[in-house]
Amino acid sequence: MEPVSFTSILTQFPSSPLWGWHFIVPAIVAKQFIKGKDRRVICTINDKVTLHCALMPNKDSWFIMLNQQIQKKLQTPLNSEITVSLIKDESEYGMPMPDEFREVLDQDPDADKYFHALTAGKQRSLIYIISKVKNTDSRIRKSLAIADHITANRGSIDYKLLNEEFEVAALLKYHD
């Protein structure tokens with residue numbers, strides 16, 4: 001499938017603590033990328049920022065959310081026109097798998113089994129947690145902590161406990 005380009009307006013949901021900056025994707029465009037429950041796309045905005053994301057439904061339209069990190073990279077004010085290009089995300093997880101996590105899963109068959117038994121959304125959440133870290137050593141520590149966590153909990157994720165385990169792993173770094 002060829003990329004589909006269009007313009008939209010960078011906007012914000014009024015008075016919503018949960019939903020922030022986003023832009024509308026015309027329904028005629030969105031429908032080209034929706035296959036059942038799969039709404040994953042790779043989105044490029046203003047030829048500046050590319051992100052793996054999902055088309056989100058909103059009544060009769062679709063939108064794509066932008067987090068603060070993406071907003072900063074864009075350096076585009078709210079209510080500005082943006083140029084958007086979408087292509088179907090055909091990747092295995094709907095986002096790139098960090099090499100460090102791939103290596104940990106390759107070496108730990110139980111963690112790999114539990115990870116692949118998780119829902120696609122939970123898999124992406126864990127991948128995102130690791131991906132957002134820039135330092136390789138920290139990505140390795142988070143990968144190992146996640147593998148240990150999902151193995152010890154037989155595929156269940158307790159995010160509060162997992163965050164505590166990340167803190168312990170970070171502290172251990174300073175005692176090595």
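I looked for aromatic pairs and counted 3 of them, taking rings of Phe, Tyr and Trp (its six-membered ring) as paired if their centres lie within 6.5 Å, with planes under 30 degrees apart called stacked, over 60 edge-to-face and the rest tilted. I note that this is a predicted model, in which local features need pLDDT of at least 70 and side-chain atom pairs count only at pLDDT 80 or more, while totals for chains, interfaces and linings use all residues. Residues are numbered from 1 along each chain as its sequence is written, and side-chain values use heavy atoms, with hydrogens and water left out.

**Ring pairs**

I looked up F13 and F63, which form an edge-to-face pair at 5.1 Å centre to centre with 75° between the planes. This pair links distant parts of the chain, 50 residues apart, with F13 in the loop between β2 (11–12) and β3 (21–25) and F63 in strand β7 (residues 61–65); helices (H or I, at least four residues) and strands (E, at least two) are DSSP runs, numbered from the N terminus. I find F13 buried at a relative accessible area of 19% and F63 buried at 3%, where buried means under 20% relative accessible area, exposed over 50% and partly exposed in between (1.4 Å probe, protein chains only).

I then turned to F101 and F115, an edge-to-face pair with 5.2 Å centre to centre and 90° between the planes. F101 lies in helix α3 and F115 in helix α4, so this pair ties together parts that are 14 residues apart in sequence. Both F101 and F115 are buried, and ring pairs link Y93, F101 and F115 into a cluster.

**Helix α4**

I checked helix α4 (residues 109–117) and found A111, Y114 and F115 buried. They cover an arc of only 100° around the axis, which puts them on the same side of α4, the arc being that of the directions from the helix axis to the C-beta atoms. The face turned away from this buried side carries the exposed residues P109 and A117. I see the buried residues of α4 packing against α3 (99–107), α5 (120–131) and α6 (136–152), with contact meaning heavy atoms within 4.5 Å.

**Charges over rings**

I noted that K113 lies over the face of Y114, at 4.7 Å from the ring centre, and that K142 lies over the face of F166, at 4.5 Å from the ring centre; the criterion is NZ of Lys or CZ of Arg within 6 Å of the ring centre and within 35 degrees of the ring normal.
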